[in-house]
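Subject: Structure handover and findings

Hello,

Here is the structure we talked about. Please open it next to this email and follow along.

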Amino acid sequence: MKHVFHFGATSPQLGPLEERLLEALWERGNATVRDLVNGACQDLAYTTVMTTLDRLFKKKLLSRETDGRAFRYAPRFTREELYRQVAGEAFRQLMDASSASSLPLSYLVDVLTERDEQLLNHLHQVVEAKRRELRGGESRRGEAPSKKPSQRQTQR
Amino acid sequence: MFAARGIAVSLSVFVIVYCVVSLAVCLCWRAGQLHSRRYPVRRIADLLFAMRMFPLVTAAVITAAFTVPSFLLLEPRAIDEPMGYIPLVLGIGGAFLGIVGIANAGIALRSASHHVSRWTSAAQPVESCGAVPVIRISPVSAITVPAMTAAGILRPMVLLSGAAESLLTANELQTALNHEVAHVRRRDNLKKLLLRLVAFPGMKNLEGTWLEATEMAADDAAVSNACEALDLAEALIKLSRLTPPEPSAVLTAALIHSPTSVMNARIERLIAWSDERLVSLPRFSPRYGLGAALATVAAFAMTYSQLLARVHTATEWLVR
């Protein structure tokens with residue numbers, strides 16, 4: 001989900017720090033600023049995390065409730081829901097960008113076909129690698145019995 | 001009037017039970033989705049299908065075993081009791097639900113039969129695979145044919161395109177055929193037809209997950225070791241290049257189908273095949289089932305008259 005995102009017309013792009021904190025919150029479920037600073041974001045300053053979480057809250061990506069004197073933040077969307085929303089928004093922008101509505105669709109189909117082909121090639125390579133691994137394992141097993149007599153001989 | 005009132009009351013109870021149980025299944029499904037790594041995928045597929053059919057079975061059993069007998073035995077025939085709007089509306093709702101389900105299944109059957117007859121217009125029988133006939137199909141006058149699919153409900157068969165046959169090696173073809181035969185043995189097309197009968201809003205997600213689970217269960221049934229799993233994975237890759245995945249025709253089980261993410265998940269799952277998937281599921285002795293059934297029957301026999309009286313009171317309340 002790198003550097004894609006426009007949430008509606010008013011929301012700015014999601015920065016790397018925001019993405020990182022969002023990922024940390026998806027991992028934990030919910031957290032206060034202190035939890036994050038003591039856990040996944042030890043390299044970040046308390047105020048940096050606090051400001052970034054506040055920004056995400058204002059972008060309506062997080063919900064928060066008071067927990068003592070601090071806020072406890074939780075993601076409003078699951079990772080999948082956010083991907084879907086982001087992708088939908090990106091497609092809508094793409095469709096709106098051209099007066100000929102079929103053109104962006106054809107570009108999209110081209111890209112998807114290319115990606116599918118690449119993915120199938122990758123899977124084919126993985127299958128071949130696995131086959132080689134299996135054949136290697138079988139040949140090693142095949143060699144094993146022939147070693148046994150010689151081992152016995154040396155023992156004698 | 002007595003008969004009309006009886007039908008309206010029975011259909012009303014059917015609709016109420018069906019909707020309430022369907023809603024409960026929907027909510028339970030959303031609350032705790034099953035994770036495929038914890039259970040064998042075949043068991044998950046069976047469980048999902050049972051969950052999907054549970055509302056229909058429950059509503060039918062309650063209506064047939066309690067509502068109808070309680071009305072026939074306990075409702076006085078002599079009294080010409082007026083019927084309220086609620087049972088009338090619910091009764092019409094029940095009849096509508098039944099008609100929609102039957103029409104839905106009929107349309108699906110007709111569409112499936114139309115597709116199969118078009119695909120097999122110039123077909124040749126090849127051989128049988130595990131007592132299931134395999135038919136070779138070829139594209140006729142711009143009709144695209146699936147690479148490989150299991151079709152038919154009463155007389156199931158596997159349709160194999162000439163292109164797929166020539167593209168796959170003998171081992172790949174055998175595992176792919178085994179996959180389709182597994183669909184036939186599990187009667188997946190019949191189950192799909194039954195699902196058409198029990199339409200209910202909000203169940204699409206459950207049905208989609210069931211479809212994925214049936215494909216993976218058929219993959220598991222088709223292979224028995226890592227080499228065969230790789231053969232099937234390779235067959236899926238080759239046939240995906242041949243025909244882009246698209247939705248299967250209704251009441252058929254195509255080897256290559258959309259969405260692509262499911263196809264990729266299947267291929268990755270086959271590549272990561274492990275012997276643990278061969279471990280047979282613990283089978284419960286039929287004695288347990290028989291014992292449970294006998295206990296249920298005995299419990300109902302002892303309390304049946306009381307239950308009928310209570311059901312009758314409830315239906316009286318409904319009618320008024």
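Grid points are joined across faces, edges and corners, and a volume is the space filled by probe spheres set on the points. Rolling a probe the size of a water molecule over the atoms shows where empty space is left.

The model is predicted, so local features need pLDDT of at least 70 and side-chain atom pairs count only at pLDDT 80 or more, while totals for chains, interfaces and linings use all residues. Residues are numbered from 1 along each chain as its sequence is written, chains are lettered from A and ligands numbered from 1 in the order in which they are written, and side-chain values use heavy atoms, with hydrogens and water left out.

**The cavity**

The structure holds one cavity of 30 Å³ or more. The largest cavity has about 40 Å³ of space. Its lining (residues with an atom within 4 Å of a point) consists of Arg5(B), Val9(B), Phe71(B), Glu75(B), Glu81(B), Thr315(B), Glu316(B) and Val319(B). By class, that is three nonpolar, one polar and four charged residues. Here Ala, Val, Leu, Ile, Met, Phe, Trp, Tyr, Cys and Pro count as nonpolar, Asp, Glu, Lys and Arg as charged, and the others, Gly among them, as polar.

Which helix gives the most to the lining of the largest cavity? It is α10(B), with three residues. Both α1 and α10 (286-319) of chain B supply at least two residues each. Helices (H or I, at least four residues) and strands (E, at least two) are DSSP runs, numbered from the N terminus.

**The two chains**

Chain B has ten helices and five strands. Its C-alpha trace spans about 75 × 45 × 35 Å along the principal axes. Of its 320 residues, 42% count as buried. Buried means under 20% relative accessible area, exposed over 50%, and partly exposed in between (1.4 Å probe, protein chains only).

Chain A has five helices and three strands. From the N terminus on, they run α-β-α-α-β-β-α-α. Buried residues make up 23% of its 156 residues.

Contact means heavy atoms within 4.5 Å. In chain B, 76% of the contacts between residues at least 6 apart in sequence join residues at least 24 apart. In chain A, residues 24 or more positions apart account for 45% of the contacts with a separation of 6 or more.

**Aromatic rings**

Two charges sit over rings (NZ of Lys or CZ of Arg within 6 Å of the ring centre and within 35 degrees of the ring normal). Arg64(A) lies over the face of Phe71(A), at 4.0 Å from the ring centre. Lys191(B) lies over the face of Phe49(B), at 5.5 Å.

**Single residues**

Leu206(B) is in helix α7 of chain B. At 1% relative accessibility, Leu206(B) counts as buried. Leaving out residues up to four places away in sequence, Leu206(B) touches Val25(B), Trp29(B), Leu48(B), Met51(B) and Arg52(B).

Most residues other than glycine have a negative phi. Lys60(A) has a positive phi of about 65 degrees. Lys60(A) lies in the loop between α3 (46-58) and β2 (62-67) of chain A, and is exposed at 57% relative accessibility. Arg187(B) has a positive phi near 55 degrees. Arg187(B) sits in the loop between α5 (170-185) and α6 of chain B, and is exposed at 55%.

Best wishes

Note on methods. 1 Å grid on protein atoms, 1.4 Å probe; cavity = no way out; pocket = protein on both sides within 12 Å on 5 of 7 lines; lining within 4 Å.
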